[in-house]
Amino acid sequence: KRAGGFDGREDIEAMKSTAFAHQERRGGPPQILIGDHIEFKDVDLFSPTGALLVKGLNFAVKKNSNVLISGPNGSGKSSLFRVLGGLWPVCAGTLIKPAKEQLFYIP
């Protein structure tokens with residue numbers, strides 16, 4: 001197990017199960033669209049254990065803008081970037097993001 005007690009591949013499978021359960025409650029599957037900006041529309045963020053970190057996240061970052069994300073430990077900051085980077089699934093809502101070659105962020 002990695003630091004924090006999470007198991008990598010098994011965690012992702014558990015998150016996908018959570019995503020499927022939320023699809024049923026939220027009116028359909030999540031969407032990931034390619035665009036010229038970053039936008040989270042009604043996105044839920046979960047920990048690998050299935051704990052809801054953020055419900056219905058809505059914000060947009062227009063092209064050539066800078067953003068600083070802050071908050072207490074366990075509030076979902078890293079989870080947001082894991083979802084944005086495609087490491088974790090989008091469980092509900094719509095994520096719009098630039099193509100992988102056009103996206104750069106520093107954790």
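## The loop between H2 and E4

Ala92 sits in the loop that links H2 to E4. Helices (H or I, at least four residues) and strands (E, at least two) are DSSP runs, numbered from the N terminus. Ala92 is buried, at a relative accessible area of 1%. Buried means under 20% relative accessible area, exposed over 50%, and partly exposed in between (1.4 Å probe, protein chains only).

## Basis of the model

The model is predicted: local features need pLDDT of at least 70, side-chain atom pairs count only at pLDDT 80 or more, and totals for chains, interfaces and linings use all residues. Numbering starts from 1 along each chain as its sequence is written, and side-chain values use heavy atoms, with hydrogens and water left out.

## Helix H2

H2 covers residues 77–84. Its buried residues are Ser79, Leu80, Val83 and Leu84. Seen down the axis of H2, they fall within an arc of 135 degrees, so they line one face of the helix. The arc is taken from the directions from the helix axis to the C-beta atoms. An α-helix has 3.6 residues a turn, so residues three or four places apart point the same way.

The cover over this buried set includes strands E2 (38–46), E3 (52–61) and E4 (94–97). H2 lies across E2, E3 and E4, and runs at about 120 degrees to E2. Axes are lines fitted to C-alpha atoms, for helices over the stretch in contact (heavy atoms within 4.5 Å). Angles run from 0 to 180 degrees between N-to-C directions.

## The sheet

Four strands form an open sheet in the order E1-E4-E2-E3, with mixed pairing. Two strands pair if DSSP finds at least two bridges between them. E1 (31–34) and E3 stand at the edges with a single partner strand each, so one side of each has no neighbour in the sheet. The twist averages 25 degrees from one strand to the next.

E1 and E4 run parallel and are joined by four bridges. Leu33 has Ile96 in E4 as its bridge partner.

## The whole chain

The protein chain has two helices and four strands. From the N terminus on, the elements run α-β-β-β-α-β. Of the 107 residues, 35% are buried. Among contacts with a separation of 6 or more, 59% join residues 24 or more positions apart.
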